Amino acid sequence: MGNADFDDQYSHQKVEIPPPKPFLKTLKSCMKETLFPDDPFRKFKNQSLTKKLALGLQYFVPILDWAPRYTFQLFKADFIAGITIASLAVPQGISYAGLANLPPVIGLYSSFVPPMIYAMLGSSKHLAIGNVAVPSLLISAMLGRVVNPHDNPKLYLQLVFTTTFFAGVFQASLGLLRLGFIVDFLSHATILGFMAGAATVVCLQQLKGILGLVHFTHETDIVSVMRSIFSQLHQWRWESGVLGCCFLFFLLLTRYFSKKKPAFFWISCMAPLTSVILGSVLVYFTHAEKNGVQVIGHLKKGINPPSYSELAFSSQYLTTAIKTGIVTGVIAMAEGIAVGRSFAIVENYHIDGNKEMIAFGMMNIAGSCTSCYLTTGPFSRTAVNFNAGCKTAVSNIVMATAVMITLLLLTPLFHYTPLVVLSSIIISAMLGIIDYNAAIHLWKVDKYDFLVCVSSFIGVVFGSVEVGLIVAVAMSLLRILLFVARPKTFVLGKIPNSMTYRNTEQYSAASSVPGVLVIHIDAPIYFANASYLRERITRWIDEEEEKQRTSTEIELQYVILDMSAVGNIDTSGISMLEEVKRNADRRCLKLLLANPGGEVMKKLDKSNFIDTIGKEWIYLTVGEAVNACNYILHTCKFQSKRIESSTILDDNV
């Protein structure tokens, strides 16, 4: 039966080819979707120049947008939240500075200037800014390899400020260039395993403070840490160990109580500062510092001194500082954005990832010039800020003001604070990061995600923080490559009493159509998967022909490719379709396409593949394609029967 006769008797809606667009217009549209998916220019349309300048300033400095609407009622809520997180920021700041092998006062400096900058530039209402454990550990591990912080503290401090500067430059650059999607390559499973591994390493390293050890390994893997601990059994201080265990028990008990009674969340929030006060009073009256309990010692009074002259741009270790800045910047940025988004979802508002990167970058650049080291939005402090009822970023300003008062007036009170209490605070905070339930959930939902999580954890614990990060990113990228290079394909069957076609493996009621094989391609067709798809389609055809040889059904005559999920195709993909067409022709099979998208149709038209396959063999839906095949099959069958009957009649005559 000819194509003309078929078109006369069975007409269908033609799949249209989108009108051509100029290359520059297409490129502009592609760049806009890649870099500006949120369309930030929408609000600038049809506005005067003055209004555009005002809107642009509000975009880059969000406080100018919401400050005019700020009320005293909001301030009361932010003031309470700010004071609450300040009680957590002071002991945590001192503790994490020690984790980075920095003077304790640097941790307080880092809770003063950066929160002020973020309050003006950040888009999150709840994110509380401060230094965090994992970047602190990374800084210590990576810079400690080239400069010993105890032998050359001045150079080490300069490298830390330089690292913070480059971390800020990297973060701000990503935000300005609208490259925030890069952070999305760190999957949830990757971050979960990495953070759990880093938390485990941090906890193990704090055994130095708990046991009162003076000399300790600079390595972060569990083998080196345990070797360092058990090789110094004779130097363990029981006084320090008892004190540390008591305070750790107190901190964990208050956290458990606050979880059971959420209304009393402030008890857990105040516990670290309470521990610092109790530990300091205990040491002062018992003179425990003379019996092996190490204390902080003198803390310099005054707010942040300028440090822009300390940036070591001419140092021989500049490359290490840049590398450390990029690595720690990515980790800090990913954690801060993830925390901000999680609380924004709870309160049903949106935060701009690119704005957040600019805010993080600017606060770290400013921090590096004012004696601060890397800061971001830690989960623990943000959760406290949220539970305390904060309404805007003013809570960060209140916290920073409280820290400033501490720096100006209260630093001498921390002289007798035992280091073992700081170690207990860090261990308590890190135990909250290890999320066993999330790992179990990964195992139930997606085994590969669980494997990524565990690989990242093992890499950190048995290798190093850098190794764990590399393993985690490599596993995530491998999964992306597998998705791209090995896309899903499956056979579609018809759901009874409907025109719907679905996966025959998923729907047991879906039945294949005799003589017709419908294959769904579930991904764009690129050079990376074209070869695989050709082989997989050929295998589907082989399996279908083998199955029909053993049955009484009509032999396979039509192959339909459902391209509804094929968003794009490149020249390798078109070559693959041409090969599939030639292979089908050799087998005396007819190839049909169903529901190709606009971008696919444009490329198929430009490559002349539409002329090769024939416009009449491209259908709007799978249902139309199958109906057309059935029409031809039954028409040919009827005609063959009529010819056979007339032949028998002629023979009888």
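The model is predicted. This report starts with that loop and then moves through the chain.

V214 has a relative accessibility of 55%, so it counts as exposed. Even so, V214 has contacts beyond its sequence neighbours. Leaving out residues up to four places away in sequence, it touches K208 and Q294.

V214 and W236 are 22 residues apart in sequence. In space, their C-alpha atoms are 9.6 Å apart.

## Two domains

The chain is divided into two domains. Domain 1 covers 70-298 + 318-479, and domain 2 covers 487-645. Taken over C-alpha atoms, their centres are separated by 56 Å.

A pair of residues gives another distance. E624 and Y284 are 340 residues apart in sequence. From C-alpha to C-alpha, E624 and Y284 are 86 Å apart in space. E624 is found in helix 27 (residues 622-652). Its relative accessible area is 21%, so E624 is partly exposed. The cut-off for buried is under 20%.

## Helix 8, a covered helix

How many residues of helix 8 are buried? The count is eleven of its eleven residues, in a helix that spans residues 133-143. Among them are A133, P135, S136, I139 and M142. The list also includes S140, A141 and L143.

What covers these residues? The cover includes helix 5 (72-99), helix 9 (153-176) and helix 10 (188-205). It also includes helix 15 (318-347), helix 19 (419-431) and helix 22 (465-485).

## Helix 8 against helix 10

Take one of those neighbours. Helix 8 and helix 10 pack at an angle of about 65°. Their axes are 10 Å apart. The two helices are therefore roughly perpendicular to each other. Their crossing is left-handed.

On the helix 8 side, the contact is made by V134, L137 and L138. On the helix 10 side, it is made by F194, M195, A198, V201, V202 and Q205. By type, the contact residues divide into eight nonpolar, one polar and no charged.

## Q92 in helix 5

Helix 5 also covers buried residues of helix 8. Q92 has its place in helix 5. Is Q92 buried or exposed? Its relative accessibility is 4%, so Q92 counts as buried.

Set aside the neighbours of Q92 within four places in sequence. Q92 is then in contact with N131, S380, R381, I425 and A429.

## Helices 13 and 14

Helix 13 (residues 238-260) packs with helix 14 (residues 265-286) at an angle of about 160°. The axes of this pair are 8 Å apart. Helix 13 and helix 14 are therefore roughly antiparallel to each other. Angles over 145 degrees count that way. Helix 13 passes helix 14 in a right-handed crossing.

Which residues meet here? Helix 13 brings L243, F247, F250, L251, T254, R255, F257 and S258. Helix 14 brings F265, I267, S268, A271, P272, T274, S275, L278, G279 and L282. The residues of this contact divide into eleven nonpolar, six polar and one charged.

## Helix 25 and its surroundings

Now to domain 2, which covers 487-645. Helix 25 spans residues 598-606, and its buried residues are V600, M601, K602 and L604. These buried residues pack against helix 24 (571-586) and helix 26 (609-613). They also pack against strand 5 (590-594) and strand 6 (618-619).

Just after helix 25 comes N608. N608 takes a positive phi of about 70°.

## Asparagines in loops

Where does N348 lie? N348 lies in the loop between helix 15 and helix 16 (353-368). N348 is not a glycine, yet it has a positive phi of about 60°. Its relative accessible area is 74%, so N348 is exposed.

N497 lies in the loop between strand 1 (489-494) and strand 2 (501-503). N497 also has a positive phi of about 60° and is not a glycine. With a relative accessible area of 85%, N497 is exposed.

Terms used
Residues numbered from 1 in each chain as written. Predicted model: local features only at pLDDT ≥ 70, side-chain atom pairs only at ≥ 80, totals over all residues. Heavy atoms only, no water. Domains from an automatic or database assignment. Axes fitted to C-alpha atoms, helices over the stretch in contact; angles between N-to-C directions. Helix = DSSP H or I, 4+ residues; strand = E, 2+ residues; numbered from the N terminus. Parallel < 35°, antiparallel > 145°, perpendicular 65-115°, else oblique. Left-handed = near helix turned anticlockwise from the far one by under 90°. Contact = heavy atoms within 4.5 Å. Nonpolar A, V, L, I, M, F, W, Y, C, P; charged D, E, K, R; others polar. Buried < 20%, exposed > 50% of the residue type's maximum accessible area, 1.4 Å probe, protein only.
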